[in-house]
Amino acid sequence: MKITLLTVGKTEDAYIKEGIDKFVKRLKHYTKLEITDLPELKNTKALTPEQQKTKEAELILKKLSATDHVVLLDENGLEFNSVQFADYLDKKAIGSVQSIVFVIGGPYGFDATVYERANAKLALSRMTFSHQMVRLFFVEQLYRAYSIIKGEPYHHQ
């Protein structure tokens, strides 16, 4: 199963980039992960939050294929512990899902058109995190999930 992390904007802080790179490198042993950064919108001060979400939605939807299983990282999504997330991924891999795309939106969330296209929503926490930190937390949890699936000692219960 191919996994894509689709994000609006680039990771800017060096320490976050280093952390992401560390887990992406580790994930190569388990799965193919592609991180796709969409360009940040220009002149956002002239846009309302709704206009910004609409423009971001256009960029997001262009990157999705009809066969992608789309999971939005959204504060109102399903909440899993790490073992449950590993089970979720394992079931998708065993099932007919060949490509799963996890999407991190912009600062105002997602436009209704993106919600309509999504197959699921996933919350990493009930707390709010910066979009930069969410990227690092997600790739770490992805690595943790695969170590759980493979029965390796990274995750402790």
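The model is predicted, with local features requiring pLDDT of at least 70, side-chain atom pairs counted only at pLDDT 80 or more, and totals for chains, interfaces and linings using all residues. Residues are numbered from 1 along each chain as its sequence is written, and side-chain values use heavy atoms, with hydrogens and water left out.

**The sheet**

Select the strands to begin. Helices (H or I, at least four residues) and strands (E, at least two) are DSSP runs, numbered from the N terminus. The open sheet has 5 strands in the order β2-β1-β4-β3-β5, with parallel pairing. Two strands are taken to pair if DSSP finds at least two bridges between them. β2 (32-38) and β5 are the edge strands, each with a single partner strand, so one side of each has no neighbour in the sheet. From one strand to the next, the twist averages 30°. Axes here are lines fitted to C-alpha atoms, for helices over the stretch in contact, and angles run from 0 to 180 degrees between N-to-C directions.

Contact means heavy atoms within 4.5 Å.

The parallel strands β3 and β4 are joined by 4 bridges. Valine 70 has valine 101 in β4 as its bridge partner. Follow the chain from β3 through α3 to β4: this β-α-β crossover is right-handed. Right-handed means that, with the strands pointing away from the viewer, the path from the first strand over the helix to the second runs clockwise. β3 also runs parallel to β5, and 5 bridges join these two. Leucine 78 is bridged to leucine 122 in β5.

**Helices α3 and α5**

Select α3 and α5 next. Their axes come within 8 Å and cross at roughly 75°. The two helices are therefore roughly perpendicular to each other; angles of 65 to 115 degrees count as such, under 35 as roughly parallel, over 145 as roughly antiparallel and the rest as oblique. To see the contact, show Ser82, Val83, Phe85, Ala86, Leu89 and Asp90 on α3. They meet Phe138, Gln141, Leu142, Arg144, Ala145, Tyr146, Ile148 and Ile149 on α5.

**The cores**

A nonpolar core is a set of buried Ala, Val, Leu, Ile, Met, Phe, Trp, Tyr and Cys residues joined through side-chain atoms within 4.5 Å. Buried means under 20% relative accessible area, exposed over 50%, and partly exposed in between (1.4 Å probe, protein chains only).

The largest nonpolar core has 29 residues, of which Leu73, Phe85, Phe102, Phe138, Val139 and Leu142 touch the most other members. At least two residues of this core come from each of β1 (2-8), α1 (14-27), β3 (69-79), α3 (82-94), β4 (99-104), β5 (120-123) and α5 (131-149). The most come from α5, which gives 8 residues. Centre on leucine 142: beyond its neighbours within four places in sequence, leucine 142 is in contact with Ile3, Leu27, Leu33, Phe85 and Leu89. A separate core of 13 residues includes Val101, Val103, Phe110 and Ala118.

**Four single residues**

Contacts listed in this part leave out residues up to four places away in sequence.

- Valine 101: this residue of β4 is buried at 4% relative accessibility. Valine 101 touches Thr4, Leu6, Leu64, Asp68, His69, Val70 and Val71.
- Glycine 9: go to the loop between β1 and α1. Glycine 9 is buried, at 1% relative accessibility, and touches Asp37, Leu38, Pro39, Glu40 and Arg135. Its C-alpha is 8.1 Å from that of leucine 41, 32 residues apart along the chain.
- Lysine 53: this residue of helix α2 has 14% relative accessibility and counts as buried. The contacts of lysine 53 are Tyr108, Gly109, Phe110 and Asp111.
- Glycine 109 is partly exposed, with a relative accessible area of 25%, and touches Lys53 and Glu56. Glycine 109 and alanine 57 are 9.9 Å apart, C-alpha to C-alpha, and 52 residues apart in sequence.
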